[in-house]
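The structure comes first, then the account.

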Amino acid sequence: MSDQDITIQFVAHPSAKKFIDLTNRETGRLIVLGYAGKRGYHHHWYCKCVCGKTTVVSGQSIRNGHTRSCGCMAYELTGLRSKTHGASGSRKRGVKPSPELIAFRGAKARCSNPKDPNYHHYGGRGIKFLFNTFEEFLEELGRKPTPKHTVERQDVNGNYEQGNVCWATMKEQQNNRRSNRIEIIDGIPYSLSEWCDIYKTTIARTWNRLHDGWCIKCALTLPFRSSCPHR
């Protein structure tokens with residue numbers, strides 16, 4: 001609302017001892033011009049914003065710093081965040097948050113929210129999320145290369161922090177997991193996921209077979225509904 005849109009009619013403020021005259025007080029981008037009268041239970045004041053607009057603000061909001069502009073500050077900050085990463089999305093418009101922001105929130109929750117279903121694998125065992133803002137996170141990793149990539153810590157016992165995170169595919173992450181062990185076949189050591197890739201089988205089936213006591217070669221090579229003769 002501009003100066004032309006609002007008619008300023010200053011009101012003589014009460015002479016009560018407890019009344020606080022806020023004229024000329026500055027808060028954020030606002031400077032108090034004068035008293036606008038009482039509305040409901042609160043005293044209100046005409047305020048001029050540095051952007052040129054005039055608005056009416058309650059004395060309580062001025063004193064506690066809750067209102068610091070005519071509304072232009074929030075608008076500008078929203079625009080700045082949008083320009084910075086274009087990631088926040090909009091429920092009203094049906095726009096989903098960016099994949100990078102989803103990854104940021106997910107990793108942070110795993111480390112800091114005990115209600116997260118994966119917390120015990122991360123925050124529960126001391127893994128910390130050390131990025132203060134999404135902007136820091138995005139600057140470190142860049143945009144997500146493909147939908148198949150997710151956030152991976154190069155040191156699986158390290159934190160989510162600068163120098164220890166990257167985008168990786170599920171196969172790359174399988175090579176880096178604590179549960180993924182090195183298996184030796186004919187004197188050749190490979191990770192479980194690498195052997196599965198060589199023998200064209202799935203990690204899930206092979207891991208379940210190993211868990212049931214199968215030898216590695218049978219787990220990799222025998223067809224469905226077979227049994228390991230070496231158990």
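How many helices and strands are there in the chain? The chain has eight helices and eight strands, where helices (H or I, at least four residues) and strands (E, at least two) are DSSP runs numbered from the N terminus. The model is predicted, so local features need pLDDT of at least 70 and side-chain atom pairs count only at pLDDT 80 or more, while totals for chains, interfaces and linings use all residues. Residues are numbered from 1 along each chain as its sequence is written, and side-chain values use heavy atoms, with hydrogens and water left out.

**Chain totals**

The chain holds 231 residues, of which 34% count as buried; buried means under 20% relative accessible area, exposed over 50%, and partly exposed in between (1.4 Å probe, protein chains only). Its accessible surface is about 15200 Å², and carbon and sulfur atoms supply 50% of that. These areas come from the Shrake-Rupley method with a 1.4 Å probe; for residues, only the protein chains shown count as cover. Among contacts (heavy atoms within 4.5 Å) with a separation of 6 or more, 37% are between residues 24 or more positions apart.

**Salt bridges**

Side chains of opposite charge can pair when their charged atoms come close. A salt bridge here is a side-chain nitrogen of Lys or Arg within 4 Å of a carboxyl oxygen of Asp or Glu. The whole structure contains two salt bridges.

| Salt bridge | Closest N and O atoms |
|---|---|
| Arg-143 with Glu-100 | 3.3 Å |
| Asp-186 with Lys-217 | 3.5 Å |

Asp-186 is exposed at 66% relative accessible area, and Lys-217 is partly exposed at 39%.

Arg-143 and Glu-100 form a salt bridge. This pair links distant parts of the chain, 43 residues apart: Arg-143 is in the loop between α4 (134-141) and β5 (150-153), and Glu-100 is in helix α3 (residues 99-112). Glu-100 counts as buried because its relative accessibility is 5%, whereas Arg-143, at 45%, counts as partly exposed.

**Glu-183**

Is Glu-183 buried or exposed? Glu-183 counts as buried because its relative accessibility is 12%. Glu-183 belongs to strand β7 (residues 182-185). Apart from neighbours within four places in sequence, Glu-183 is in contact with Ile-188, Pro-189, Tyr-190, Trp-195, Leu-210 and Ile-216.
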